[in-house]
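Here are some notes to read alongside the model. Keep the structure open as you go through the points.

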Amino acid sequence: MAAPGKGPAVVAPALREFPERAPPIAPAAMQDSKPYVANERIQEEIGFPPRLDENWQVVHDKAIAHMGMLLARYRSLKVYLDACVHCGACTDKCHYYLGTGDPKNMPVARQDLMRSVYRRYFTLPGKLVPKLVGARDLTPEVLDEWYTYYHQCSECRRCSVYCPYGIDTAEITMAGREILDAVGYGQKYSNEIIGKVHRIGNNLGLPGPALADTLEGLEEDTKEETGADVLFPLDVKGAEVLLITPSADFFAEPHVESLIGYAKVFHAAGVSWTLSSHASEAGNFGMFIGNYEQLRKIALRIREAALELGVKRIVVGECGHAWRVAYSFWNTLAGIGAGGKDPFAVQLQSQLDQRYRQPMHVCEFTWDLIERGALTLDADANDHRIVTFHDSCNVARASRMGDTPGGQFEIPRAIIRAVANRYHEMAPGTTHDETFCCGGGGGVLTDELLDLRVKGALPRMESLQRVVDEHGVNFMATICAICKAQFSKVLPYYGFKMGMVGGVHQLVSTAIRLGAKS
C-alpha cells in the first residue's frame with residue numbers, strides 16, 4: 001500500500017477576507033497526506049494483525065466481514081450510511097475542507113468513501129445495479145483512499161451539528177479506522193500510544209519513578225513560587241480525590257501550568273488528592289481508532305487504580321476527548337458512574353461518594369469552590385492577559401458539565417471571568433457547539449501530518465485574528481491537552497506567539513492566593 005513520504009515545506013494558507021465563504025475546490029490536493037503505517041511490533045502488541053496480507057482477496061474478505069460485524073454491532077452506523085440525501089449542508093463545515101479545498105474532505109464525500117462500499121456489499125440495489133446507486137467494489141486503491149482520508153478527519157463532529165439528519169461523520173471515520181486496523185493497516189501514531197498505555201500507563205511512556213521525580217520537582221518549584229507546601233501526591237491510598245489528567249500535564253508547556261493550578265486548588269480547598277502511576281493518563285486513543293476493546297482496556301486501568309487507592313471521588317483534568325470518554329462511556333466501560341453491572345463496577349460504586357458527580361471535570365470542581373467562596377482569587381494578577389476561550393470539540397459537542405444544558409460552555413467561561421478582568425468572545429458561529437476544531441484532534445497530532453494540521457487550523461486562526469485585531473487578545477485559554485499541543489505548534493505559522501495558548505487552570509494558578517482565607 002502507498003506509504004507517506006516527505007513533502008514540501010509547510011506553509012500556512014492566507015487568512016481570508018471573507019472566511020465564511022467556501023474555498024475553491026482543489027481536487028486531490030491532500031491525496032499524498034497520510035500518516036506513517038504502524039509496524040508489525042506495534043500492531044501485534046495491541047492485538048491487531050501485523051501487516052496486510054499479501055493476498056488481496058484475504059484482505060478484501062476480512063475487511064468486508066469486519067464491516068458487517070460493525071453494522072450488526074452499531075445500529076447507528078447503518079442509519080448514518082443509509083440516511084444521507086446529499087443535501088450539502090455539511091460541505092463547508094469541515095475545517096480540513098476549508099483549509100485545503102480537497103473535495104474529499106467535505107464530510108459527505110468522506111462518508112461516501114465507506115458508503116459506496118457499504119452499498120456494494122450490504123444493499124440489494126448495490127449488488128444488482130451498483131453503478132446506478134454509486135456502489136463500488138473494495139479494491140487496494142479504495143483501501144488506500146480510506147487510509148488517507150479517514151486520517152484527515154479529527155472526529156470533531158462539527159458537521160453533525162449542521163446535518164438535518166444528525167449523521168455523525170466521526171462514527172463513520174472510527175468505523176473506517178477500525179476496519180483498517182482489523183486488516184493490518186493501522187496508524188503508527190495512535191496505535192503506538194495505545195501500546196504505551198497498556199505497558200506503562202500513559203501516552204508518553206513515562207514510567208512511575210520518572211513521574212515521581214517530576215512531581216517532586218514541581219513541589220519544589222511551587223514552594224519557591226508561593227511559599228506554600230503544595231503537594232503533588234502519587235499513589236496515596238485513602239486520598240479523597242483521584243485526579244486523572246493527560247500525561248502532557250506532567251512536564252510539557254503550557255500543560256504543566258494547569259497541573260500546578262489543579263494542585264493549588266486542591267491545596268486551597270483542603271482536599272486530599274492523588275495521582276496514580278498505574279493510571280497516569282486521561283487520554284484514551286481507543287476512541288480515535290473506533291475500537292471498543294482498546295477503549296475499555298484503557299478505561300479499566302482507571303477503575304483498577306480507584307479501587308486500589310480507595311478514593312471517594314474521580315476528577316478529570318483538562319483534556320477534551322478524555323472528558324468525552326469519561327462523561328459518555330466510563331459508566332458502561334468501567335462502572336465509573338451508573339451503568340456498570342459487573343462485580344468490580346458494583347464495588348466501585350459502593351466505594352465512591354455518590355453525593356458528588358462521578359466522574360467530575362476539574363472545571364466543575366473549581367467552579368463549585370468559587371461559587372461557595374472557598375477560594376481567594378486576585379483577578380488583577382492576570383491583567384497582563386487579554387483572554388479569549390477556545391471551546392474544545394469533544395467537550396462542546398459530546399459532553400456536559402454541571403446540572404444544566406450548556407454547562408460545558410458556561411462553567412469554563414465563568415471560571416475565566418472570576419480569575420481575569422479582560423475577556424472577549426470570538427465571533428458567533430465559531431464557538432460553543434459551532435466551535436472550530438484546533439486541527440490536531442482525533443489522532444492526527446503527528447508531525448508527518450503537519451501540513452494538514454496547519455491548514456486545518458485556518459478557520460480557528462481567522463476567528464482568533466479578529467479578536468486580536470478588535471480587542472488586543474493575547475491569550476487563548478482552552479481545556480484540552482491536544483488543543484494546547486496543536487496550537488503551540490501551529491500558532492507561529494500564522495504569525496502568533498506559541499505561548500499565546502494555555503489552560504483555564506493556568507489562569508487560576510496565576511490568580512489564586514494561598515494561605516488563610518481573608
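1. Start with a pair of helices. The crossing of H7 and H9 is left-handed. Bear in mind that this is a predicted model.

2. Which residues of H7 and H9 make the contact? From H7 come Leu143, Trp146 and Tyr147. From H9 come Gly176, Ile179 and Leu180. Sorted by class, the contact of H7 with H9 has five nonpolar residues, one polar and no charged.

3. A word on the description used here. Two packed helices are described by the angle between their axes and the distance between the axes. Look for both values in the next points.

4. H9 also packs with H2. Helix H2 runs over residues 56-73 and helix H9 over residues 169-182. Their angle is about 140°, and their axes lie 9 Å apart. That angle makes H2 oblique to H9. The crossing of H2 and H9 is right-handed, whereas the crossing of H7 and H9 is left-handed.

5. Now the residues of that contact. H2 brings Lys62, Ala63, His66, Met67, Met69 and Leu70. They meet Ala175, Glu178, Ile179 and Ala182 in H9. The contact of H2 with H9 divides into seven nonpolar residues, one polar and two charged. Find Ile179 on screen: this residue is in the contact with H2, and it is also in the contact with H7.

6. Helix H11 spans residues 208-226, and helix H12 spans residues 255-269. They pack at an angle of about 70°, with axes 11 Å apart. H11 is therefore roughly perpendicular to H12.

7. What meets what between H11 and H12? Leu215, Leu218, Thr222, Glu225 and Thr226 are the H11 residues. Val256, Leu259, Ile260 and Lys264 are the H12 residues. By class, this contact has five nonpolar, two polar and two charged residues.

8. Next, check the backbone. Most residues other than glycine have a negative phi, and most peptide bonds are trans. The peptide bond from Glu253 to Pro254 is cis, with omega near 5°. Pro254 sits in the loop between strand E1 (241-244) and H12.

9. Gln358 and Pro359 are also joined by a cis peptide bond, and omega there is about -5°. Pro359 is in the loop between helix H15 (343-351) and strand E4 (360-361). Ala28 is not a glycine, yet its phi is positive, at about 65°. Ala28 belongs to the segment before helix H1 (40-45).

10. How much space lies in the largest pocket? The value is about 420 Å³. The pocket is lined by 22 residues, and the closest to its centre are Tyr189, Ile193, Leu204, Ala248 and Leu445.

11. Which helices supply at least two residues each to the lining of the largest pocket? Helix H10 (188-199) and helix H21 (481-490) do. By class, the lining has 12 nonpolar, six polar and four charged residues.

Key
Residues are numbered from 1 along each chain as its sequence is written. This is a predicted model: local features need pLDDT of at least 70, side-chain atom pairs count only at pLDDT 80 or more; totals for chains, interfaces and linings use all residues. Side-chain values use heavy atoms; hydrogens and water are left out. On a 1 Å grid over the protein atoms alone, a cavity is a set of points where a 1.4 Å probe fits but cannot get out, and a pocket is an open set with protein on both sides within 12 Å along at least five of seven lines; lining residues have an atom within 4 Å of a point. Grid points are joined across faces, edges and corners, and a volume is the space filled by probe spheres set on the points. Helices (H or I, at least four residues) and strands (E, at least two) are DSSP runs, numbered from the N terminus. Ala, Val, Leu, Ile, Met, Phe, Trp, Tyr, Cys and Pro count as nonpolar, Asp, Glu, Lys and Arg as charged, and the others, Gly among them, as polar. Axes are lines fitted to C-alpha atoms, for helices over the stretch in contact, and angles run from 0 to 180 degrees between N-to-C directions. Angles under 35 degrees count as roughly parallel, over 145 as roughly antiparallel, 65 to 115 as roughly perpendicular and the rest as oblique. A crossing is left-handed if the near helix is turned anticlockwise from the far one by less than a right angle, and right-handed if clockwise. Contact means heavy atoms within 4.5 Å.
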